[in-house]
Amino acid sequence: MFNLSRINQFWRLPVGHYYWRQNKQGSPLMEVEDSISLRVLVLALVIMGIVATDIAAETKFSLWAIPVSIMGAIWSNRSRRNTNITVKFCIAIGMLIALGAFFGRLLGELNDTRLGLAELLIQLQVLHSFDMPRRKDLGYSIVIGLILLGVAATLSQTLAFAPVLLLFLAIALPTLVLDYRSRLGLEKLNFQKQKVKEKKWSSLLPFYFLLFTLIVGLGLAIFAVLPRFPGYQLRTFPVSSAIAVKGNFTGRSIINPGYVRQGNTKNQGSGSNGDGQSKNGKPGNIDNNFYYGFNSQINQNLRGAMKPKVVMRVRSHAEGFWRVLAFDRYTGKGWDVSRNDDVLTLKRSPWSYQIFLAPPAISGKTQQVVQTYTVVADLPNLIPALAYPKEIYFPTPVIAVDQENGLRSPVELSEGLTYTVISEVPYRDRTALGQASTKYPKQIQKHYLQIPPAIAQKVRQRTEEILANYNRERVGKSSKTLDSPYEKALYLAQYLKQNYSIPENPFDLPYLSEKEDLVEAFLFKYKGGYPDHFSTVLTMMLRSIGIPARLVAGFSPGEFNPFTGLYVVRNTDAYAMTEVYFPKYGWFAFDPIPNHPLIPPSIEDIQTFSVLRQFWQWLAGWVPSPIRGWLDYVFSTIFTWITRAIAWFFALFSQGWLGVLTGLILTTTTAFFCWLGWEQWRVWLNRQWLRKLSPMESLYQQMLQWTAQKGLGKHPTQTPLEYARVAYEHYSPGNAQVIDEICQAYVSWRYGGHTPNLQLLRQRWQELKTTTTAQNSKFKFYNSKSL
């Protein structure tokens, strides 16, 4: 039978009685945190992390966590001295449920798990908030708030995140102070009852604001000089959730909302709309929101301007022309894609978002550039990307590639869509391109030398006249003549920039009549045109002298935001320029539009020190021109060498074991010299600080620093006299007496106003250091002899 007497005997034992009784009232070994202020501030930090995540992700998926966290904090404070076994079991079960839900969502977010992880972390924090009796538990919540802020920083694409960051810092400073006081075991100040401490608190406010300003300023300074290295060192890239595609996607239709007549989607790809836009070149107006060039046919006999609005945000470590599509056939007043029906569809595997594209048949040095695009406003089903994409991570199961290397989606690029492209971008080597062959493949000649016969002769004569005039001007000079297609394209683009103009008003240029040709009217009648007209004219001029060229439409890099690291692209950044073909090297762009760079941004223009460069450009505007030129040269030289050194260092690790070993040796050596310099800097700062103190204070601080090095540091809560008494337990009577004398003199000087005998104290202090040094040297000598 079950013996109850043994249980009663165990209960009467001191050990059993102690533990059962104590567990009913809470364990005495558990340090409970009683500071209400610390709990409130920690809760505020967590709320800031949750709000920051929602703002950065532009969603409201976790706002429910704020009131629940407040309820949990109140419950946790009230029951902080209880065992809460039932609550702990419920929390554990809730965490398992949250983990299971996370793995369920993970299947639909294989490529970008940041939001899913953030949501899981918020759910865990909400559950954790119901059981936070100790300071350690509050510390976990502080770390969770910091992690959520970091997640928000990676998700943020606008400056809306900045105010939350500053508010988080403002709350974090007093939180860290209270946490430190709790660790020291100090009682919290009662500001309401003690007037003296009220004055002390008010006196701390200026110091708090000074510290806050100093941290923000130091952070911005570090942010400005911090190099921007290529991101995406991992092979998992941001992509939106999977999009189902209904029907059979052929890739032949271009869905541009700006080319839909009265909401009739049957007109997709036809190139006409209610405003009169038409592929046959009839007069019409430009759509206010959508670029007219993103279609299989474009009409350049249009007038008007778009209303600026942000359409994309791009993350890329190299800026460039976000290419959309290209045109090969000129129609007299516009362009069309002659092989629009000849497209290739590519499908991805059902368990991956990755789609591989055929590599281009080009030679020459290239660099891999990763770009992530986030669509802010609806765009056509044309996928912007840098030239020569080789991989794309896209949410649809299929995409299409046309004969002009343009990417097409089965659905429109709607607001919020995110995808990633990896491009193998070729370097623009002017020497190599200048020596490229002029033997063009038959397919290139067939499609990219077409020009209307009615204007071919006049355009060729005008082009050859421009080139001949340049060559005549350079006879007898050291400059090279235009003897290669690359140099000819470069000069013709520059010539159009300098000798033709853009009308100030979008409607100043008359519409072209039915028999007029755009290129002919531009060159011989109006002496100019609208921006895209310059690119059309350059393309036809190059074709007229046997250089293959085509018109390419896309977006300029946009405005780089140094705080988010993103390029903000607007609809007004869309335009067309000329691409020229060079055998074995591929297509390279030339921009003849006035006020545009002649060569579009490429991989040579990296953003390593972008923030510092922009700050200098703003500052240099206030400096006189001669000084500014000299400073530009100095700083550009410094940054160039720094960039080359960094690139050379990272290149070592791709040169085999010898390169890795060299890199590790350099890293170790650099770290050692940095540490040595830092130590010397600290010594110098300490000397400067001691010099500014009064003689007695300086001697006392020197003594404390010396004893701390010997292993007996003074605790912040110890008084000088208490510390002197402890010294007798660790030092010889003679040494302890010197420490005691210095402490006694310091207290008498600091609190009694007595003048110390500094000469005697310094003498005694020097004797102490000399004696200790001699003893250490003697000890080392005997040890070496014994060994």
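Residues over 50% relative accessible area are called exposed, those under 20% buried, and those in between partly exposed. These terms are applied throughout the legends below, which describe a predicted model.

Figure 1. Elsewhere, salt bridges that share partners join R323, R339, E404, R550 and E579 into one network. The structure holds 19 salt bridges.

**Figure 2. E404 and R339 form a salt bridge between two loops.** The N to O distance between the two side chains is 3.1 Å. E404 lies in the loop between β13 (398-401) and β14 (407-408), and R339 in the loop between β7 (334-336) and β8. The two residues are 65 residues apart, and the pair links distant parts of the chain. Both E404 and R339 are buried. In general terms, side chains of opposite charge can pair when their charged atoms come close.

**Figure 3. D131 and K88 form a salt bridge between a loop and a helix.** The side chains of D131 and K88 meet at 2.6 Å, N to O. The pair links distant parts of the chain, 43 residues apart: D131 belongs to the loop between α6 (114-128) and α7 (135-155), whereas K88 belongs to helix α5 (residues 85-106). D131 counts as buried because its relative accessibility is 14%. K88, with a relative accessible area of 36%, is partly exposed.

**Figure 4. R348 is a buried arginine without a salt bridge.** R348 is located in the loop that runs between β8 (344-347) and β9 (354-356). The nearest side chain of opposite charge, that of E391, is 13 Å away. A salt bridge would require a side-chain nitrogen within 4 Å of a carboxyl oxygen. The side chain of R348 instead reaches the backbone oxygen of S352, at 3.0 Å. Not counting residues up to four places away in sequence, R348 touches A242, Y353, Q354, I355, F394, P395, T396 and P397.

**Figure 5. M312 is among the residues with the most contacts inside the largest nonpolar core.** This core has 100 residues, and F294, W322, I392, F555 and F590 share with M312 the standing of having the most contacts inside it. Neighbours within four places in sequence aside, M312 is in contact with W322, Y373, T374, V376, L379, P384, F555, Y567, V568 and V569. Another core lies apart from the largest one; it has 33 residues, among them A52, I122, M132 and L148. In soluble globular proteins, nonpolar side chains tend to be buried together. Of the 787 residues of the chain, 43% count as buried.

Figure 6. L509 and R303 are 206 residues apart in sequence, yet their C-alpha atoms are 8.2 Å apart in space. Across the chain, residues 24 or more positions apart account for 73% of the contacts with a separation of 6 or more.

**Figure 7. Helix α15 is largely enclosed by the rest of the structure.** The helix comprises residues 531-544, 14 residues in total, and 13 of the 14 are buried. From its first C-alpha to its last, α15 reaches 21 Å, close to the 20 Å expected at 1.5 Å a residue. Just after the helix, G546 takes a positive phi of about 85 degrees.

**Figure 8. Helix α19 is followed by a glycine with positive phi.** The 15 residues of α19 (residues 695-709) reach 21 Å from first C-alpha to last, close to the 21 Å expected at 1.5 Å a residue. The buried residues of this helix are M696, E697, S698, L699, Y700, Q701, M703, L704, W706 and T707. The glycine that follows is G711, whose phi is near 105 degrees. The chain as a whole has 22 helices and 20 strands.

Key:
Residues numbered from 1 in each chain as written. Predicted model: local features only at pLDDT ≥ 70, side-chain atom pairs only at ≥ 80, totals over all residues. Heavy atoms only, no water. Helix = DSSP H or I, 4+ residues; strand = E, 2+ residues; numbered from the N terminus. Buried < 20%, exposed > 50% of the residue type's maximum accessible area, 1.4 Å probe, protein only. Lys, Arg positive; Asp, Glu negative; His and termini not counted. Polar contact = N/O pair within 3.5 Å; in protein donor to acceptor, adjacent residues only side chain to side chain. Contact = heavy atoms within 4.5 Å. Core = buried A, V, L, I, M, F, W, Y, C linked by side-chain atoms within 4.5 Å. Expected span 1.5 Å × (residues − 1).
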